[in-house]
Amino acid sequence: MPKLDPKGIYVNKNLRLDHVQVYGFDYDYTLAHYSANLQSLIYDLAKEYLVNELRYPDSCMEFKYDNSFPIRGLYYDKSKGCLLKLDFFGSIEPGGCYFGRHKLSRLEINNLYGTRHIGRDQARGLVGLMDFFCFSEACLIADIVQHFVDAKLEFDASYVYQDVNQAIQHVHRSGLAHRGILSDPQKYLVKNGQLLRFLRTLKENGKKLFLLTNSPFYFVDGGMNFMLEDSLGHQDSWRELFDVVIAKASKPQFYTSEHPFRCYDVEKDTLAYSKVDTFLPNKVYYHGCLKTFMQITKWKGPEVIYFGDHLFSDLRGPSKSGWRTAAIVHELENEIQIQNEDNYRFEQAKLHIIQELLGKLHSAVPKGVECETYTSLLQELNKERQKARRTMKDMFNTSFGATFLTDTGQESSFAYHIHQYADVYTSKPDNFLFYPPEAWLHVPYDIKIMPHHVKVSSSLFRT
């Protein structure tokens with residue numbers, strides 16, 4: 001069985017790169033990649049806000065961020081206080097439901113929810129944890145809930161989310177996280193020597209480039225200068241790579257609002273009062289909206305591709321507006337590497353064999369005539385199936401497993417949203433360097449959503 005490319009581009013909707021003339025990028029977790037230290041920084045700053053500003057117990061200061069606990073794409077149930085991992089169809093993953101740090105059993109899930117499937121009414125009480133704050137946010141929510149349970153304190157689960165989210169947003173909007181990162185970029189930012197090469201290759205091939213981020217300019221400028229300092233010449237500026245630079249864009253409202261653009265003076269840290277009706281070279285713009293952006297640039301939807309990490313804030317708006325979209329999921333590279341390992345593939349093959357045996361066993365023995373041997377074999381197969389699933393899950397994350405898959409091998413809810421809003425997805429933007437600029441990116445022939453669709457291998461016609 002061939003191994004997948006950890007640096008590959010994976011295609012949900014056919015994409016011809018020769019038709020793409022404009023490349024747009026988010027900054028955080030798209031152009032900029034952060035070390036695991038960032039989540040600890042965000043967690044600690046948010047924790048301090050909860051204690052100092054919202055008067056949470058001083059004992060909360062003892063909490064430590066646990067990078068082995070959360071994954072991207074979880075949901076928090078504001079009515080019941082549970083962190084949930086959902087599958088492609090919106091059902092709770094049996095091994096992915098936590099109340100605080102306590103993993104709920106199947107019986108506990110059924111007693112709490114009545115069923116594993118989340119209905120439309122219940123879904124209204126769920127909030128998705130999808131952005132680059134989601135790891136620290138999920139961990140802090142779980143630790144707060146567990147602390148209240150251990151201390152036997154009554155609490156409202158919705159207030160926990162409200163307070164933690166307020167703390168996380170404060171860390172972001174107040175600039176605490178930005179200043180912390182820039183104070184020690186070596187600790188938090190990961191340099192990527194291929195990023196400049198990728199951006200320059202696009203320019204050399206006549207492509208237009210723009211940066212569209214919610215972060216303030218000083219933060220982006222400091223980060224880009226650090227990441228590219230080993231590649232850029234002393235007289236060069238990263239801003240010369242982009243035809244348009246837009247900061248503090250307030251996505252996702254950017255895609256639906258009619259906010260005007262303001263020209264930003266990088267020296268004086270002030271906004272101009274004059275109307276923006278053209279984008280000038282080496283200028284920086286704040287705020288704005290998609291409608292005005294398209295009017296000024298005259299760039300047509302399908303010729304634009306936008307790269308972002310947040311499925312809802314970055315990609316849902318562009319996808320609905322006709323832009324092509326590329327999701328950047330840094331976890332993808334590691335997850336593919338794990339799936340390529342022999343021990344994972346052995347467990348996967350074992351699981352498939354057990355599933356087939358269970359199916360044959362159920363069909364071979366009529367209902368009502370099950371004997372002791374049948375029951376014993378059924379129990380043994382189920383035991384081995386659970387063991388294989390657990391082994392595979394632990395290779396990714398001992399609490400929630402893989403980002404894209406559930407324990408049963410189905411796609412996760414996160415994978416569903418990737419499929420819905422991302423035309424393509426990959427681990428880093430510069431993975432596009434491995435493909436010619438005129439490449440046709442096609443959905444693989446054997447990827448079918450409906451199980452009855454025939455998957456005919458090309459090897460059938462080889463001699």
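The axes of helix α13 (residues 342–364) and helix α14 (residues 372–396) come within 9 Å of each other and cross at roughly 155°. Because an angle over 145 degrees counts as roughly antiparallel, α13 is roughly antiparallel to α14. The crossing of the two helices is left-handed, and their contact, sorted by residue class, has 14 nonpolar, six polar and five charged residues. This arrangement, like everything described below, belongs to a predicted model.

The strands β1 and β18 lead on to a sheet. In it, 10 strands form an open arrangement in the order β1-β18-β17-β16-β3-β11-β12-β15-β13-β14, with mixed pairing. Its edge strands are β1 (10–11) and β14 (270–271), each of which pairs on one side only. Within this sheet, strand β3 (residues 22–25) runs parallel to strand β11 (residues 208–212), and four bridges join the two; the bridge partner of V22 in β11 is K208.

A second open sheet is built from five strands in the order β8-β7-β6-β5-β9, and here the pairing is antiparallel. The edges are formed by β8 (102–103) and β9 (126–129), each pairing on one side only. At the β9 end, strand β5 (residues 74–77) is joined to β9 by four bridges, the two running antiparallel, and D77 stands opposite L126 in β9.

Further along the order, strand β6 (residues 82–86) pairs with β7 in the antiparallel sense over four bridges, with L84 standing opposite C97 in β7. These two strands form a hairpin with five residues between them, and in its turn G90 has a positive phi of about 85°. Strand β7 (residues 92–99) is itself largely enclosed by the rest of the structure, because seven of its eight residues are buried.

Note on methods: Residues are numbered from 1 along each chain as its sequence is written. This is a predicted model: local features need pLDDT of at least 70, side-chain atom pairs count only at pLDDT 80 or more; totals for chains, interfaces and linings use all residues. Side-chain values use heavy atoms; hydrogens and water are left out. Axes are lines fitted to C-alpha atoms, for helices over the stretch in contact, and angles run from 0 to 180 degrees between N-to-C directions. Angles under 35 degrees count as roughly parallel, over 145 as roughly antiparallel, 65 to 115 as roughly perpendicular and the rest as oblique. A crossing is left-handed if the near helix is turned anticlockwise from the far one by less than a right angle, and right-handed if clockwise. Ala, Val, Leu, Ile, Met, Phe, Trp, Tyr, Cys and Pro count as nonpolar, Asp, Glu, Lys and Arg as charged, and the others, Gly among them, as polar. Two strands pair if DSSP finds at least two bridges between them. Buried means under 20% relative accessible area, exposed over 50%, partly exposed in between (1.4 Å probe, protein chains only).
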